[in-house]
Amino acid sequence: MTNEKKLVLKRTLIYLLFAFIPPFIAAFIYVGFFGWTVDNLYYQVLTSFSMLCPAIANILTRIVTKEGFENCLFKLKIKGNIRYLVLAFLMPVVYGTVSAFAVALFLMPSDAFGEIFKNFDFWEFSSMTVYVLSASILVSLFGFGEEFGWRGYLTPKLEKLMPFPVAILVSGIIWGMWHAPLIVCGHNFGKDYFMYPYMGFILMCVFCIFIGFYFTMLTKATNSTIPAGIAHMINNNAFAVIAGLWLSGTKYFNEDIVSSINYPTISLLATAVTCLITGIIIILVRKK
């Protein structure tokens with residue numbers, strides 16, 4: 001290993017310490033007071049703090065290792081990047097819709113599709129979509145916090161140590177396991193499922209690999225982490241709402257469906273495939 005790669009590896013490990021230790025300590029403090037549960041107001045404080053930690057880790061690593069802030073992917077040139085900003089806004093609507101149809105296909109009777117389209121309220125869907133997209137911008141700081149860390153620091157460093165596909169795979173696994181304390185609390189998948197919480201870890205890692213690929217391509221295409229940060233926060237706030245708006249048109253969308261691990265699993269896998277396809281399209285567009 002060359003001296004340059006050794007330095008990159010050192011900085012990467014320092015970054016990971018800064019990114020993992022504070023949110024994990026905060027999670028265990030939270031658990032000490034409230035237990036392994038998401039049914040608490042302070043859980044939102046925990047998740048918000050955790051989402052800022054990757055960005056803080058980026059800043060601290062650059063200061064501690066004297067790397068500086070050149071090429072930190074913080075700025076965004078609007079000119080030439082409008083299409084990617086539009087994509088960042090609208091993609092959660094697309095894969096929220098795809099995931100809803102996947103849930104209907106795999107978890108509901110055959111007449112569910114008929115009910116969805118029969119009872120679909122276009123104006124309610126449109127107004128609610130505009131609302132959640134707008135509201136997401138107000139809290140996009142937290143989504144940017146993750147993207148400024150994972151896509152703004154970790155992934156570029158891994159690309160210097162390994163081929164791009166492997167870097168995407170490794171960064172996705174790291175990002176997925178960063179969610180570990182939250183998953184044990186019941187984040188995304190609840191607790192009543194086979195191989196809890198390990199199956200949750202696996203599913204989250206798979207999801208993070210694919211959506212991380214999409215976020216990485218957004219970052220590369222714009223040379224900025226801002227579009228990925230916007231996409232990340234809209235994903236967190238709008239994705240489930242969009243899917244729910246479609247599925248609410250059928251009587252089969254009930255607590256039994258929502259509380260089962262099958263629902264988030266199908267949704268996340270449908271989203272992962274959509275993000276993979278979108279990332280490939282971005283690559284092809286950039287090459288063209």
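A: Ser267 counts as buried because its relative accessibility is 4%; buried means under 20% relative accessible area, exposed over 50%, and partly exposed in between, with a 1.4 Å probe and protein chains only. This serine lies in helix α12, where helices (H or I, at least four residues) and strands (E, at least two) are DSSP runs numbered from the N terminus. Apart from neighbours within four places in sequence, Ser267 contacts Ser99, Val103 and Phe239, contact being heavy atoms within 4.5 Å.

The model is predicted: local features need pLDDT of at least 70 and side-chain atom pairs count only at pLDDT 80 or more, whereas totals for chains, interfaces and linings use all residues. Residues are numbered from 1 along each chain as its sequence is written, and side-chain values use heavy atoms, with hydrogens and water left out. The mean pLDDT, the predictor's confidence in each residue from 0 to 100, is 90 for the protein, and 98% of its residues reach 70 or more. Confidence is highest in helix α7 (residues 164-178), at a mean of 97, and lowest in helix α5 (residues 122-138), at 79.

The largest nonpolar core has 43 residues, of which Tyr15, Trp150, Phe189, Ile211 and Tyr214 touch the most other members. Such a core is a set of buried Ala, Val, Leu, Ile, Met, Phe, Trp, Tyr and Cys residues joined through side-chain atoms within 4.5 Å. Two or more residues each come from α1 (3-34), α3 (82-107), α6 (140-161), α7, α8 (180-185), α9, α10 and α12 (262-287). The most come from α9, which gives 13 residues. A second, separate core of 24 residues includes Val93, Ala102, Ile242 and Leu247. In soluble globular proteins, nonpolar side chains tend to be buried together.

Beyond four places in sequence, Trp150 touches Tyr15, Ala19, Phe20, Pro54, Thr155, Pro156, Ile174, Trp175 and Trp178. Ring pairs also join Trp150 with Tyr15, Phe20, Phe24, Tyr153 and Trp178 in a cluster. Rings of Phe, Tyr and Trp (its six-membered ring) pair if their centres lie within 6.5 Å; planes under 30 degrees apart count as stacked, over 60 as edge-to-face and the rest as tilted.

Helix α9 also packs against α10. The axes of α9 (residues 198-222) and α10 (residues 226-247) come within 8 Å and cross at roughly 145°; axes are lines fitted to C-alpha atoms, for helices over the stretch in contact, and angles run from 0 to 180 degrees between N-to-C directions. From α9, Phe207, Ile211, Tyr214, Phe215, Leu218, Thr219 and Thr222 meet Pro227, Ala228, Ala231, His232 and Asn235 of α10. This contact of α9 with α10 comprises eight nonpolar, four polar and no charged residues, with Ala, Val, Leu, Ile, Met, Phe, Trp, Tyr, Cys and Pro taken as nonpolar, Asp, Glu, Lys and Arg as charged, and the others, Gly among them, as polar.

Two backbone features complete the account. The peptide bond from Tyr196 to Pro197 is cis, with omega near -5°, and Pro197 is in the loop between α8 and α9. Leu73, in the loop between α2 and α3, has a positive phi of about 60° although it is not a glycine. Leu73 counts as buried, because its relative accessibility is 17%.
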